[in-house]
Amino acid sequence: MIARFFRDFSSRHGTGAASFVMAAVLFWIVFLILLPQLAMLDVSFRHNLPRPEIGGPKDVHTLDNYRYFLFGNSGGAALNALDIGVLVKTLVAAVLVTLLDILLCYPIAFILAHSASGAGARLMVIALIVPFWINDILRAFAFRILFGATGVINGVGLSLGLWTAPIDFIRADVALYAGLAYTYVLLMVFSIYNAVETLDRNQIEAARDMGASWWRVHWRIVLPVAKPGIASGATMVFMLTAGALAAPQILGGPSNLWFTQLIYQWFNDAGDWSRGSAYATILLVVCLAFVFVMMRIFRVSIGAIGR
């Protein structure tokens, strides 16, 4: 498959351009993805030793770091409910954020692909892209101000009499979910847009002429075409949400703890790179397993996502 891609690409753009692209892709995959992950995996199976003892007789492979995640300091007598619970909560939150993005972005992508045209379509794209010129950290703090006890939402709600006391959106994780959904909205919109754009408008018009309702048109005609785009966008949003760090630290409530924050604490606060690597590997493996299971359930192939 790689050889065929190289031949097709070189026939259209020349051997030099094809060689550069292949070399850049291989460098990206090998040196920036594969080797760092293998190094982290190796570190996760080692003891946390002082620098002088690294490479010595005590520097051997062990399962202690993974055992700690499962059982903590109980020695196998009881599960490590805290860390396992944080991982489950992180995955559930990532699923909720992904579903929220799908619900928000599907109609936007459909309108952008089949309803908006000319200046309207350009304005929609600009409205989607321009807010992301602002740094992620600044956007997160803006959401904290927006959802704070004295923020805009509470101010409007109190002034209109919708509620009588400020609502703690921060503690309820509403601000966190909204901030994360907004952060990755472009990934979902353009993934669905790329899939829906290929749909022949005549199919929709024919279904409408035959009396099909809008929900039936979307269920039977649009969604099957959009499914690879939805799967692609959902995969990216889920993985990035589960691995988010800045937004949970800024928008999370005082009792909220994200699994990436546990990883950060092991790496930076405790200085235990072995256990931090183990926790990072666990998050990666669990997220990949979840994604592949969902792809199996919804019958979406990797090839369909890559189209």
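The buried residues of H8 pack against helix H4 (81-114), helix H6 (136-147), helix H9 (185-196), helix H11 (214-242) and helix H12 (246-251). The model is predicted.

User: Which residues of helix H8 (residues 174-183) are buried?

Analyst: Ala175, Leu176, Gly179, Leu180 and Ala181 are buried in helix H8. Buried here requires a relative accessible area under 20%.

User: Why is Cys105 called buried?

Analyst: The relative accessible area of Cys105 is 0%. The cut-off is under 20%, so Cys105 counts as buried.

User: What makes Cys287 buried rather than exposed?

Analyst: Cys287 has a relative accessible area of 3%. Buried means under 20% and exposed means over 50%, therefore Cys287 falls in the buried class.

User: How many disulfides does a search of the whole structure find?

Analyst: The search finds 0 disulfides.

User: Why is Cys105 too far from the closest cysteine sulfur for a bond?

Analyst: The closest cysteine sulfur to that of Cys105 belongs to Cys287, 20 Å away.

User: Where does UniProt place the feature "transmembrane region"?

Analyst: The unreviewed UniProt entry gives spans including 145-163 and 230-251.

User: What are the helix content and end C-alpha distance of residues 230-251?

Analyst: Residues 230-251 are 86% helix and 0% strand, with end C-alpha atoms 27 Å apart. For residues 145-163, the values are 58% helix, 0% strand and 19 Å.

Key. Residues numbered from 1 in each chain as written. Predicted model: local features only at pLDDT ≥ 70, side-chain atom pairs only at ≥ 80, totals over all residues. Heavy atoms only, no water. Disulfide = S-S within 2.5 Å. Buried < 20%, exposed > 50% of the residue type's maximum accessible area, 1.4 Å probe, protein only. UniProt positions renumbered as here; feature names shortened; annotations may be inferred. Helix = DSSP H or I, 4+ residues; strand = E, 2+ residues; numbered from the N terminus. Contact = heavy atoms within 4.5 Å.
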